[in-house]
Amino acid sequence: MKCRHCGAPLTHTFLDLGFAPPSNAYLTQADLSKPEKYYPLKIKVCDQCWLVQTEDYAQADELFSPEYAYFSSTSSGWLAHAKRYAEKMTYELGLNAQSLVIEVASNDGYLLRNFVAAGIPCLGIEPTDSTAAAAEQLGIPVLREFFGEALGQQLTANGQQADLIAGNNVYAHVPDINDFTRGLKAALKPGGTITLEFPHLMRLIEQAQFDTVYHEHFSYLSLQTVNRIFAAAGLRVWNVQELPTHGGSLRVYGCHQEDSRSTQAAVTSVLQAEVLHGLQDLNTYFKFQPRADKIKDDLLSFLIEQKRLDKKVAAYGAAAKGNTLLNYAGVKPDLVEFVCDAAQAKQGKFMPGSHIPICDPKQVNWSELDFVLVLPWNIASEVKAQLSTHLKSGALFVTAVPKLTVSS
Ligand SMILES: [Zn+2]
């Protein structure tokens, strides 16, 4: 296999999680009596451009079930993050009724609704029908397409070049990152701004966030690699911000290469931090697997211990990262009785691989539980605040990453 950015042969494995079903392939009751497909889940690192990427495997297109949809608006923290972003960009870029904001992977309109409310024209690009329909209900025009160079050129031909192109948590999920980046270039007005948010590889490594690895997550990105990918497409990263979202993300600000804005000191400082964290040293990557294994072993020992003590353990949040963790650890419903999740689309279904049932948090008798394993550790404080009053006294919260933590 060759690197998806630079084409160099990929010879180094960063992480091998064995085989796993697609993390978003939630099962119905009827599915439980059918065979389930598992795909290899292996991550490679390129020693030329340092792009960390999933290994190719056969029948990858089967992974993306059109039935599944994550609705961004179900997280109140994420909605607030989107609102602050929209206000900041409107102010800094002086956006008004003559501007155009394009969001790639606009989901259910969680972000663009803020621009609609401010009277700023916008366009969402979203291939998933159910979320696109929800955005349209909010008055957001949506193109139901996958984004890439061809669509970028088509937008320009239609006079729809953007003053601002936003992409939140889409960049790491595109299979052809070069084509996607050329699309950004094509759809950007002269003087326009691109912002992309993605989990920062430096934080993934630092905090052993191995559960953020799943098949649909093609790339694990550092600033230096994104810099290279942008440059190859005729773009430039001129600013960057570190964000606390998803365990530590970057928001990069891009422009055309020849844009008059100068590159900010923050770019140099994040690039230096990445070097200090060993992101350009293969040994850093080779040391990661044992850390992931320890987290897996500690969680499994803890759950087995609770089972022996006859304690009741349930989980909160049927997120993709939960599936990676539970499947790598081989956890089944005898160790975690159920998972609850606020997303209606998942309720009544079963977690892929582990077959743990997913239920509505409103129907849970919280006072029966001894432990709540919070799978999306990035929103653990939000979950704790919501649940602590419902739990019996002495009941505890558990998170597995970056290390097993049991707390009230
Ligand atoms: Zn490469």
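Cys122 counts as buried because its relative accessibility is 9%, where buried means under 20% relative accessible area, exposed over 50% and partly exposed in between (1.4 Å probe, protein chains only). Cys255 is buried as well, with a relative accessible area of 0%. A disulfide is a covalent bond between the sulfur atoms of two cysteines. Here a disulfide is taken as a pair of cysteine sulfur atoms within 2.5 Å, and by this rule the count comes to zero.

A word on the ground rules before going further. This is a predicted model, in which local features need pLDDT of at least 70 and side-chain atom pairs count only at pLDDT 80 or more, while totals for chains, interfaces and linings use all residues. Residues are numbered from 1 along each chain as its sequence is written, and side-chain values use heavy atoms, with hydrogens and water left out.

## The chain as a whole

The chain has 12 helices and 17 strands; these are DSSP runs numbered from the N terminus (helices are H or I with at least four residues, strands are E with at least two).

Buried residues make up 54% of the 408 residues. Of the contacts with a separation of 6 or more, 69% are between residues 24 or more positions apart; a contact means heavy atoms within 4.5 Å.

## Surface and charge

## Two buried leucines

Leu111 sits in the loop between strand S4 (101-104) and helix H2 (112-117). Is Leu111 buried or exposed? Leu111 is buried, with a relative accessible area of 0%. Leaving aside neighbours within four places in sequence, Leu111 is in contact with Ala82, Tyr85, Glu103, Ala166 and Asn168. Asn168 is 57 residues from Leu111 in sequence, with 9.3 Å between their C-alpha atoms.

Leu223 belongs to helix H7 (residues 223-232) and counts as buried at 0% relative accessibility. Not counting residues up to four places away in sequence, Leu223 touches a set of residues including His200, Val237, Leu250, Val267 and Glu274. By contrast, Ala186 lies 37 residues from Leu223 along the chain, and their C-alpha atoms are separated by 22 Å.

## Backbone details to check

Asn169 has phi near 55°, a positive value in a residue other than glycine. Asn169 is in the loop between strand S7 (162-168) and helix H5 (177-187) and is partly exposed, at 22% relative accessible area. Asp310 also has a positive phi, near 65°. Asp310 lies in the loop between helix H10 (288-308) and strand S12 (313-316) and is exposed, with a relative accessible area of 70%.

The peptide bond from Val401 to Pro402 is cis, with omega near 5°. Pro402 is in the loop between strand S16 (396-399) and strand S17 (405-407).
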